[in-house]
Amino acid sequence: MNVLQTKGLSHHFKGLQVLFGVDLQVRQGEHHAIIGPNGAGKTTLFNVITGTYRPTGGQVVFKGQDVTGLAPYKLARKGLGRSFQITSTFEKQTVFQNIRMGVMSRRGIRFDFWRRVAGMDGVTRETEEILAGIGLVAERDVLACELSYGKHRALEVSMALSTDPDLVMLDEPTAGMSKEETHATVELIKRLTKGKTMVMVEHDMDVVFSLADRITVLYYGAILASGTPDVIRDDQRVRDAYLGDMEFSHAF
Amino acid sequence: MKRPVVWLAGALAVLAAIPFVFGPLHTNLMVRLAIEALFAVSLNLLLSYTGLLSFGHALYFGVGAYGAALILTHLQGIPILVAVLLSALAAALVGLVLSPLLVRVRATAFTMLTLAFGQLMFVLCSKFREVTGGEDGIMGWTTPPLALPGLFSLDLRQPVNIYFFAVGLACLGILAMWFFTKTPMGSVMISIRDNQKRVDYLGYQVVLTKAVIFCFSGFFAGLAGAVYAVFNNLVSVGGVLHIMVSFQPLMAILVGGIGTFFGPILGSGLLLLLEEVTQAYPELALMISGVIFILVVMFLPGGAISFGARLRAWWRKRAYLRKARESEA
Amino acid sequence: MSPETQMYLAQGIHGLAYGMLLFLVASGLTLIFGMMGILNIAHGAFFMLSAYLCVTVLGATGSYWLSLLIAPLGVALLGILVERFMLRRAQASGMGHIAELLLTLGVSLVLAEAVKLTWGTEGLQVNVPSALAGLVNIAGLEYPIYRLFIIVLSLVVLALLSLVLFKTRLGTIVRAAVSDPGMVSALGVNTQIVFMLVFGLGSWMAGVAGVAAAPILTVFPGLGDQIGMDAFVVVVVGGFGSLFGALLAALFLGELNAFGIQFIPKLSPVLMFSFMALVLAFKPTGLFGERE
């Protein structure tokens, strides 16, 4: 069954067409990577699916419901979580407080102003479990802005997962990381998304091939190919599209 | 017992003792402090906790003050607490009515819009003299006693009684806001300040949360205004809606320490002391305000409260060095 | 021409003159905002100060034209000093735009009081320069020449501004920065000097407007309050940093003001704010703005 499906999704900014009728299908439980050369419209596709912009044409179907143009908070409540390419945490708050925001949302605690949040033992326990799972126990009371780059990125990804979404969308989770940090983050994502449906945009082909069961190639705002890593690897059109892209050819 | 509880009990004991230790003159000063502090803390909820700078908070203060004056003038026999609460609710209602516009703008646009609304109310209240008395304002109503039928009745014209009335309400209000910052919704509020986009993507309704905060902040600003009306027995546009009424609590927050909860209370106290000292030169009041804004922003952005923290750090460092020297010897 | 048409025409030109004056003030304000992200609350006070400087220069030299040259330069210099020694320090405070707003608010309060201490609180009159005194006949309507001069002067200053913006290197940098704030440092320019110059230029425009307005208004300490507030409305409505938006908004508000005073004098200040609220309700970034 498809958890997420887009039908003829298109989008333009002030007359500049970025997406041309994208039909993306993401099945239950799969790890799906969206790749493509720079300017292919990957981030726009992401933003249109997660409610940042309302698409100028087409439909987004999530868990069988039409969610086209729904506000981000509504999508989040329906079970869609996302991370950002540019780290976007609550920088002046501790790691614990950052994750707790996700836990509160997961439990539907949103307009509660008659109880102390520190006194909610369930929330505290669950937050600490998540911290243990992502290996940030030692950094529990460190401000997010004081984390090392790799750990800050890990927090970014973990926040997307902290609401326990049915579908998590990661926008270049390893952007700007060193080799060791990338490796650690790939392991983290593998562990955290086990049994979950995940969609990611990624430039690093090593990351793509070690995480994805299925790959969709976006090229000038349209889908060029979609299939298992092996199929994509051997697709001649994909090779042509990437001709000259060192990173990609290197990966083969 | 937990430390905060001890602190709280101590502070309340001191507050309760003040009128008996000092005379009525100083209790009046304390009433003004209570009103200013409550007002400043309500504004601080927006400034330090939601990251929004308002230049028009006098709007809520004024609605609360005019509300109390109108209710006490026209509805004789209404219990004083009901009148004060209704006035505060009116201010909260104004916050609710304006919130569809206020939630849409951020940063400088928010500041300008609040400035506009504040000035708008000032103009309206100056022009509609039939209701508000225009420049002269409303005065001379009989303030009913604070009473529970058959139990007690306190005449609020007595300094000691108005002291307990004002300080009591201010303490309750400030404690309620302090508690609010510690609740889940308080966490959402702080997170909106830090990163509104992320709050949205985590599944929280930013718009509705902000609207609730505006009502909340407006309610307590209105409460401060209502207490002001009861205390002064006079409400005029110049006294409760003028733009300087919006700037006063801003100054208190800055002087005390932006980004802290208790800074504004300290700041209100310091400003009141300054006012007492410079009272002989009223024409210098605006100049002093301006200089304070400039100096604090440039040289002490953490406010007076950060001074305490700096002092503590310095003291700790000294103790540490001394210990190091001793262990060396 | 019927008296009614005459009234409409007179109010129309009145509105145009005020609108152009307003645009002169607001364009300096929006230029600074577009470049530096700072809304200078003291802008109205700069306008007022310039009118006072005009009084003094006029008293010393007797020449209105000399004061039109000197007073705005004095204000520009003050603007540069405020930017160099105060704003730059405020920006390091970590409070973001809040620090800048509060600091410039402080500057405006201090200026208003300093003016009272120097020139007193009495209103002062500036005579219309003799070359521009008198009336001109527009289709049967007797209209003061000086108000037409304000329109012309505004156009001249704006022509100068567009020359700077479109023909100089400074202008290129400013335009790049307004459309993309991240660009400036990427251009490899000494941004600090550019900021200082832009702040000076914006203040100078407020100064020119102040001198231009002095002969038709009484010079008093609260002179800048009304136009300063109106200029904020113009900048917000037109869209932060948008000169074209500011032009439309200023002209519209000028007319709104003129006819508002004519027909509903009691509520004319309310019109301005209501209009601003209305625009923000539908477009939070203002008519032609993309930033908040």
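Colleague: How many residues does the contact take from chain B and from chain C?
Modeller: There are 29 residues from chain B and 35 residues from chain C in the contact; two residues are in contact if their C-beta atoms, placed from the backbone, lie within 7 Å. Please note that this is a predicted model, in which local features need pLDDT of at least 70 and side-chain atom pairs count only at pLDDT 80 or more, while totals for chains, interfaces and linings use all residues. Residues are numbered from 1 along each chain as its sequence is written, and chains are lettered from A and ligands numbered from 1 in the order in which they are written.

Colleague: Which helix gives the largest share of the side of chain B that touches chain C?
Modeller: The largest share, 12 residues, comes from α5(B). Both α5 (107–127) and α13 (285–299) of chain B supply at least two residues of that side. Helices (H or I, at least four residues) and strands (E, at least two) are DSSP runs, numbered from the N terminus.

Colleague: And how do the residues of that side divide?
Modeller: The side of chain B that touches chain C has 21 nonpolar, five polar and three charged residues. Here Ala, Val, Leu, Ile, Met, Phe, Trp, Tyr, Cys and Pro count as nonpolar, Asp, Glu, Lys and Arg as charged, and the others, Gly among them, as polar.

Colleague: Which pair of chains shares the most contacts?
Modeller: Of the two pairs of chains in contact, that is chains B and C. Chain A and chain C do not touch, and their nearest C-alpha atoms are 12 Å apart.

Colleague: What share of chain C is buried?
Modeller: Buried residues make up 49% of its 292 residues. A residue is buried if 20 or more other C-beta atoms lie within 10 Å of its own, exposed if 12 or fewer, and partly exposed in between, with C-beta atoms placed from the backbone.

Colleague: Take α10(C), then. What do its buried residues pack against?
Modeller: They pack against α1 (3–36), α9 (223–238) and α11 (268–282) of chain C. Among these buried residues are C:Leu243, C:Ala250 and C:Gly260.

Colleague: Over to chain A. Why does A:Ile35 count as buried?
Modeller: A:Ile35 counts as buried because it has 26 C-beta neighbours inside 10 Å. This residue lies in strand β4 of chain A. Not counting residues up to four places away in sequence, A:Ile35 touches A:Glu202, A:Val208, A:Ile215 and A:Val217.

Colleague: In which sense do β4 and β10 of chain A pair?
Modeller: Strand β4 (residues 31–35) and strand β10 (residues 214–219) pair in the parallel sense over four bridges; two strands pair if DSSP finds at least two bridges between them. A:Ile35 stands opposite A:Val217 in β10(A).

Colleague: Which residue is the bridge partner of A:Val217 in β11(A)?
Modeller: The partner is A:Ala225. β10(A) and strand β11 (residues 222–227) pair in the antiparallel sense over five bridges.
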